[in-house]
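Subject: Structure handover

Hello,

Here is the structure I said I would pass on. Please open it first, then read my notes alongside.

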Amino acid sequence: MSEDFMLDTDDLERRMAGAFASLRTEFASLRTGRGSASMLEPVMVDAYGSMTPVNQVGTVNVPEPRMVTINVWDKALVGKVEKAIRESGLGINPQLNGTIIMLPIPELNEERRTQLTKVAGGYAENARVSIRNIRRDGMDQIKKAKADGMSEDDQKIWESEVQELTNKNIKAIDDQLETKQAEIMQV
């Protein structure tokens with residue numbers, strides 16, 4: 001019976017990749033002093049009675065490193081988009097020019113850069129916790145199979161495979177964090 005045990009490592013790997021992708025999305029929303037369209041992803045606008053992402057009510061462009069523009073498609077939504085950006089906590093003051101909303105990206109001071117690196121570290125730690133929880137799920141499956149008669153050798157092989165997968169993903173998270181923190185601290 002124990003010979004039939006197959007741990008679905010593809011499932012574990014897929015779930016770990018999902019945690020890493022979530023981290024990348026969170027990192028993209030952190031402002032680094034340079035404009036990017038992804039920094040507006042968390043901003044939701046009350047459009048036509050439902051909360052809608054900014055990129056679904058207008059075209060987001062980055063014409064220069066310190067400027068993001070939003071060309072709002074419906075004139076009636078310009079005020080709502082502006083209000084959503086002001087209330088988003090991005091620390092950006094929108095400027096209106098007809099249906100185009102310009103977002104000048106201010107320089108980050110040293111204190112704000114330090115705060116953002118701590119926020120990035122928190123995001124990375126949450127991703128590491130997710131990876132460890134997925135690892136625990138895999139280890140629990142192996143322990144259950146051991147209780148059902150799996151040999152100790154097989155148990156060790158599966159455990160080392162799960163640990164190797166975990167180490168690889170945590171290293172990727174650490175590398176991503178290091179890159180993001182360097183990008184934030186860059187003046």
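Ala, Val, Leu, Ile, Met, Phe, Trp, Tyr, Cys and Pro count as nonpolar, Asp, Glu, Lys and Arg as charged, and the others, Gly among them, as polar. Please also keep in mind that this is a predicted model.

The largest pocket has a volume of about 200 Å³. It is lined by 11 residues, and the closest to its centre are Ser29, Pro42, Ser88, Gly89 and Leu90. Which classes make up the lining of the largest pocket? Six residues are nonpolar, three are polar and two are charged.

Take serine 88 from that list. Serine 88 sits in the loop between helix 2 and strand 5. Its relative accessibility is 32%, so serine 88 counts as partly exposed. From serine 88 to glutamate 110 is 22 residues in sequence. In space, their C-alpha atoms are 22 Å apart.

Strand 1 (44-47) and strand 2 (50-53) come next. They form a hairpin with two residues between them. The two strands run antiparallel and are joined by four bridges. Within this pairing, aspartate 46 stands opposite methionine 51 in strand 2.

In a regular strand, side chains alternate between the two faces of the sheet.

Now look at the turn. Tyrosine 48 lies in the loop between strand 1 and strand 2. Its phi is near 55 degrees, a positive value in a residue other than glycine. Most residues other than glycine have a negative phi. Is tyrosine 48 buried or exposed? Tyrosine 48 has a relative accessible area of 64%, so it is exposed, the cut-off being over 50%.

Four strands form an open sheet in the order 3-4-6-5, with antiparallel pairing. Why is one side of strand 3 and of strand 5 left without a neighbour in the sheet? Strand 3 (58-64) and strand 5 (95-97) stand at the edges, and each has a single partner strand. Neighbouring strands of this sheet are turned by 25 degrees against each other on average, direction ignored.

- Strand 3 and strand 4 pair in the antiparallel sense over five bridges. They form a hairpin with two residues between them. Glycine 58 has valine 72, in strand 4, as its bridge partner.
- Strand 5 and strand 6 (residues 100-104) run antiparallel and are joined by three bridges. Glutamine 95 has methionine 102, in strand 6, as its bridge partner.

A helix goes with this sheet. Helix 2 (residues 78-86) lies across strand 4 (67-72), strand 5 and strand 6. Helix 2 runs at about 15 degrees to strand 6.

Two residues of helix 3 (residues 110-147) are worth a look, and one of them is threonine 117. Threonine 117 has 12% relative accessibility, so it counts as buried, the cut-off being under 20%. Which residues does threonine 117 contact, leaving aside its neighbours within four places in sequence? They are Gln181, Ile184 and Met185. Helix 4 covers residues 152-185.

Glutamine 115 is also found in helix 3. With a relative accessible area of 37%, glutamine 115 is partly exposed. Glutamine 115 and asparagine 97 are 18 residues apart along the chain. Their C-alpha atoms are separated by 32 Å.

Glutamine 176 lies in helix 4. It is partly exposed, with a relative accessible area of 21%. Not counting residues up to four places away in sequence, glutamine 176 touches Phe20, Arg24 and Phe27. Glutamine 176 and proline 42 are 134 residues apart in sequence. From C-alpha to C-alpha, they are 20 Å apart in space. Proline 42 brings us back to the pocket, as one of the residues closest to its centre.

That is the tour.

Best wishes

Definitions and conventions:
Residues numbered from 1 in each chain as written. Predicted model: local features only at pLDDT ≥ 70, side-chain atom pairs only at ≥ 80, totals over all residues. Heavy atoms only, no water. Pairing = 2+ DSSP bridges. Axes fitted to C-alpha atoms, helices over the stretch in contact; angles between N-to-C directions. Contact = heavy atoms within 4.5 Å. Buried < 20%, exposed > 50% of the residue type's maximum accessible area, 1.4 Å probe, protein only. 1 Å grid on protein atoms, 1.4 Å probe; cavity = no way out; pocket = protein on both sides within 12 Å on 5 of 7 lines; lining within 4 Å. Points joined across faces, edges and corners; volume = space filled by probe spheres on them.
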